[in-house]
Amino acid sequence: MTTVIHHNPDCGTSRNVLAILRATGVEPTVIEYLKTGWSRPQLLALFAAADLTPRAALRVSKSPAEELGLTSESVTDEALLEAMLAHPILVNRPIVCSPKGVRLCRPSEAVIDLCETPPKGPLAKEDGTPLLDAAGRPV
């Protein structure tokens with residue numbers, strides 16, 4: 001199985017996750033979901049595999065979720081799913097699929113558990129925050 005990242009290149013967390021994956025020696029398949037969009041079966045499968053509900057996967061910050069009235073608890077999962085299909089930006093990211101599982105990787109270091117080979121250190125986030133020391137141990 002290939003590692004896949006559902007990626008937004010404009011998102012710092014998504015770029016950090018991609019860098020961590022590459023630091024393991026893996027070149028993942030990168031799906032820029034804002035360009036490709038989502039399909040209903042794809043989202044349902046990702047959410048099931050990651051044990052997420054549409055509400056848990058809803059991106060609220062820097063998205064139109066509030067403007068669209070999606071932040072109310074009365075909004076059904078079905079309505080959230082329909083909105084995500086119409087507005088791919090509403091799905092929080094990055095979602096990574098690897099042989100070790102599927103996960104919404106926020107914070108970015110959550111991807112480390114999905115890596116078959118530990119990333120080589122030292123490694124830092126884009127903002128300079130250390131992730132791994134020189135021995136590859138989490139900081």
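Predicted model: local features only at pLDDT ≥ 70, side-chain atom pairs only at ≥ 80, totals over all residues.
Local features are given where pLDDT is at least 70 and side-chain atom pairs where it is 80 or more, while totals for chains, interfaces and linings use all residues. Residues are numbered from 1 along each chain as its sequence is written, and side-chain values use heavy atoms, with hydrogens and water left out.

**View 1. Strand 1 and strand 2 pair in the parallel sense.** Strand 1 covers residues 4-7 and strand 2 residues 29-32, with four bridges between them. Strands are DSSP runs of E with at least two residues, helices runs of H or I with at least four, both numbered from the N terminus; two strands pair if DSSP finds at least two bridges between them. His7 has Glu32 in strand 2 as its bridge partner.

**View 2. Helix 1 has twelve residues.** Its buried residues (under 20% relative accessible area; exposed is over 50%, partly exposed in between; 1.4 Å probe, protein chains only) include Val17, Leu18 and Leu21. Gly25, which follows helix 1, has a positive phi, near 95°.

View 3. A salt bridge is a side-chain nitrogen of Lys or Arg within 4 Å of a carboxyl oxygen of Asp or Glu. The closest N and O atoms of Glu78 and Arg40 are 2.8 Å apart. Between Glu82 and Arg40 the N to O distance is 2.0 Å. Glu82 lies in helix 5 and Arg40 in helix 3, so this pair ties together parts 42 residues apart in sequence. Arg40 is partly exposed, at 27% relative accessibility.

How values were computed: Expected span 1.5 Å × (residues − 1).
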